[in-house]
Amino acid sequence: MQEKIIILDFGSQTTQLIGRRIRELNVYCEIVPYNKFPKDDDSVKGVILSGSPFSVYDQSAFRIDLSEIRGKYPILGICYGAQFISYSNGGKVESAGTREYGRAHLNTFAKDNVLFKGVREHTQVWMSHGDTITAIPDNFQIIASTDKVQIAAYQIKGEQVWGVQFHPEVYHSEDGTQLLKNFVVDVCGCHQSWSASSFVDTTVAELKEQVGNDRVILGLSGGVDSSVAAVLLHRAIGKNLTCIFVDHGLLRKDEFKNVLHDYEYLGLNVIGVDASEKFFKDLEGVTDPEKKRKIIGRDFVEVFNAEARKITDAKWLAQGTIYPDRIESLNITGKTIKSHHNVGGLPEEMHLQLCEPLKWLFKDEVRRVGRELGIPEHLIGRHPFPGPGLAVRILGDITREKVQILQEADDIFIRGLRDWKTTDASGKESSLYEQVWQAGVVLLPVQSVGVMGDERTYERAVALRAVTSTDAMTADWAHLPYEFLAKVSNDIINKVKGVNRVTYDISSKPPSTIEWE
Ligand code: XMP
């Protein structure tokens with residue numbers, strides 16, 4: 001059985017980070033909404049209560065019945081989690097007057113407390129709260145203080161319950177990972193055995209049990225997530241998996257052909273559907289980005305469903321949904337950050353059940369699993385690519401001609417990134433493609449004057465976009481070498497008919513976004 005830590009999510013922006021840090025310790029964990037503790041799960045080894053945008057004394061604050069977990073599992077409350085445990089046991093929590101944000105130092109802490117094993121003197125921690133615990137119940141004991149915050153951490157005497165008002169999960173808390181390790185390994189007794197290989201073994205066994213001899217349909221996109229989900233399922237159920245790969249005509253140059261070839265090489269049973277005609281027809285004259293997305297989403301579901309219906313004995317629909325996709329739709333504070341095109345679109349009358357084998361994984365973990373499954377590096381190391389494809393990189397209306405121009409320019413840029421290698425300070429060589437998170441070319445709805453030979457030209461302008469990021473939520477423009485940009489610009493203008501100007505996008509996200517539409 002896969003031992004796990006449960007993180008109860010009270011809505012903090014850093015809840016995901018707690019999960020990441022614990023996974024980095026090779027300990028499996030799941031983030032669940034604060035009120036959805038899995039009661040009958042014997043594999044739970046400990047519980048973490050996250051931060052929250054609320055104050056404990058707010059009318060609408062998220063509350064739980066602590067008696068359901070207290071005494072049964074070790075508990076660590078972080079920020080709001082710590083305040084909640086103290087408050088609901090009779091402690092006092094008040095507005096901090098000045099909000100306590102940013103770095104602080106644990107000037108005193110109980111060195112013999114297991115939570116602080118290996119934590120350095122005066123270690124830096126990161127504070128981010130508007131409330132503070134001003135009094136704790138009698139049976140609580142202060143175990144750390146900073147200059148400003150007397151009750152920076154506490155333990156309930158004689159119990160395995162701790163609270164920390166700072167955020168050990170954020171990078172700026174220097175010994176934060178050590179503290180989390182002390183909790184999950186030393187206190188909860190987790191074995192640090194969670195790895196890509198153990199994930200593959202457990203998941204293949206679970207899928208065999210879940211799906212049995214049923215037939216499963218899976219929509220492939222050419223991206224990492226759906227590819228890894230497909231290979232994982234293929235390992236579990238072999239020929240009972242049928243994959244459908246829809247070409248909307250808005251993929252990169254030769255992508256449909258190349259990716260289909262890769263899938264066949266991997267042994268997958270794939271139906272490739274060229275539906276570009278339908279998409280181009282329905283997109284004719286449409287310029288509004290959201291309309292484009294809606295049409296593409298709708299057409300995609302129609303084409304996919306038409307193919308899926310032919311597989312009359314299918315019982316399951318598998319999807320490559322990963323954890324961050326779901327966290328956004330699960331977000332308990334009710335704010336949708338972005339709608340994701342992967343989720344939804346089930347052919348209802350087929351009564352298919354949903355199978356999402358990667359739903360607990362972060363992106364880098366999906367890649368590790370993919371490598372473990374032997375998927376070739378050029379598929380695993382791929383940049384993310386938006387579901388609506390080049391449609392959101394052609395500003396204005398979409399025509400086949402514009403798609404072709406963009407595909408050519410994009411191909412030059414991407415091949416250039418792959419071919420340009422640099423060496424870092426440690427002597428490690430890597431390509432620019434590997435160094436950036438995502439890259440592509442945008443076709444702008446402007447024409448500009450140029451001169452080629454003796455001729456005046458009046459042609460299109462494109463923008464190159466390359467960003468560094470860890471999760472696409474924030475991104476910086478990639479500082480690509482000037483010589484490289486010069487070469488790509490030259491190549492595009494010389495080789496792509498219809499383009500006479502190349503610009504480089506130097507906007508970060510926020511306030512810009514990665515895509516232009
Ligand atoms: P933005 O432009 O919001 O993009 O900074 C963040 C990430 O999401 C991708 N993206 C999409 N992916 N459907 C998708 O599947 C979409 O409609 C969509 N829009 C943006 C984008 O490529 C980047 O990786």
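A polar contact here is a pair of N or O atoms within 3.5 Å; within protein, one must be able to donate a hydrogen and the other to accept it, and residues adjacent in sequence count only if both atoms are side-chain atoms. The model is predicted, so local features need pLDDT of at least 70 and side-chain atom pairs count only at pLDDT 80 or more, while totals for chains, interfaces and linings use all residues. Residues are numbered from 1 along each chain as its sequence is written, and side-chain values use heavy atoms, with hydrogens and water left out.

An automatic or database domain assignment gives domain 1 (4–187), domain 2 (196–380) and domain 3 (399–504). The C-alpha centres of domain 1 and domain 2 lie 37 Å apart. Where these two touch (heavy atoms within 4.5 Å), 15 residues of domain 1 face 11 of domain 2. Together they bury about 1100 Å², 61% of it on carbon and sulfur atoms; this is the accessible area (1.4 Å probe) that two parts lose on being put together, summed over both. On the domain 1 side, Q16, R20 and R23 lose the most area, together 45% of what that side buries.

The interface also holds 4 residue pairs in polar contact, both at pLDDT 80 or more, and 2 salt bridges, a salt bridge being a side-chain nitrogen of Lys or Arg within 4 Å of a carboxyl oxygen of Asp or Glu. R20 forms a salt bridge with D364, at 2.7 Å from N to O.

Now to the ligand. Polar side-chain atoms of Q438 and K509 each lie 2.7 Å from a ligand oxygen atom, and for E515 the distance is 2.6 Å.
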